[in-house]
Amino acid sequence: MVTTPATARLGASIRSRRITLGMSQVELSEQLGISRSKISAMENGRFGSARLLLR
């Protein structure tokens, strides 16, 4: 998984929104049905699959 400036900005936006909603990574991962480590990777600009974004 490669981090680019665009994916880094997207990850920061995801983190910001999650925090604004008062959710932990665990809560978000449970709601989306993916692992907490995937949430962390996404927030750090590493996206393995565009399908995750659709969730």
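This is a chat about a predicted model of a protein.

Trainee: What secondary structure does the protein have?
Mentor: It comes to four helices and zero strands. Read along the sequence, the pattern is α-α-α-α.

Trainee: Okay, and how much of the protein is buried?
Mentor: Buried residues make up 31% of its 55 residues. The accessible surface comes to about 3,700 Å², and carbon and sulfur atoms account for 55% of that surface.

Trainee: Let's look at helix H1. What span should its 16 residues have?
Mentor: H1 runs over residues 5-20, and at 1.5 Å a residue it should span 22 Å. Its end C-alpha atoms are 22 Å apart, so the model agrees with that.

Trainee: Which residues of H1 are buried?
Mentor: Those are Thr-7, Gly-11, Ile-14 and Arg-18. They sit on the same side of H1, because they cover an arc of only 60° around the axis.

Trainee: And which ones are exposed on the other side?
Mentor: There you'll find Pro-5, Arg-9, Ile-19 and Thr-20 exposed.

Trainee: What comes just after H1?
Mentor: Look at Gly-22 there: it takes a positive phi of about 70°.

Trainee: New topic: where is Arg-36?
Mentor: Arg-36 is in helix H3, which covers residues 36-43.

Trainee: What does Arg-36 touch?
Mentor: Leaving out residues up to four places away in sequence, Arg-36 touches Gln-25, Val-26 and Ser-29. As for Ser-24, twelve residues from Arg-36 along the chain, the two C-alpha atoms are separated by 9.3 Å.

How values were computed
Residues numbered from 1 in each chain as written. Predicted model: local features only at pLDDT ≥ 70, side-chain atom pairs only at ≥ 80, totals over all residues. Heavy atoms only, no water. Helix = DSSP H or I, 4+ residues; strand = E, 2+ residues; numbered from the N terminus. Expected span 1.5 Å × (residues − 1). Buried < 20%, exposed > 50% of the residue type's maximum accessible area, 1.4 Å probe, protein only. Arc of directions from axis to C-beta. Contact = heavy atoms within 4.5 Å. Areas by Shrake-Rupley, 256 points an atom, 1.4 Å probe, with all protein chains shown as cover.
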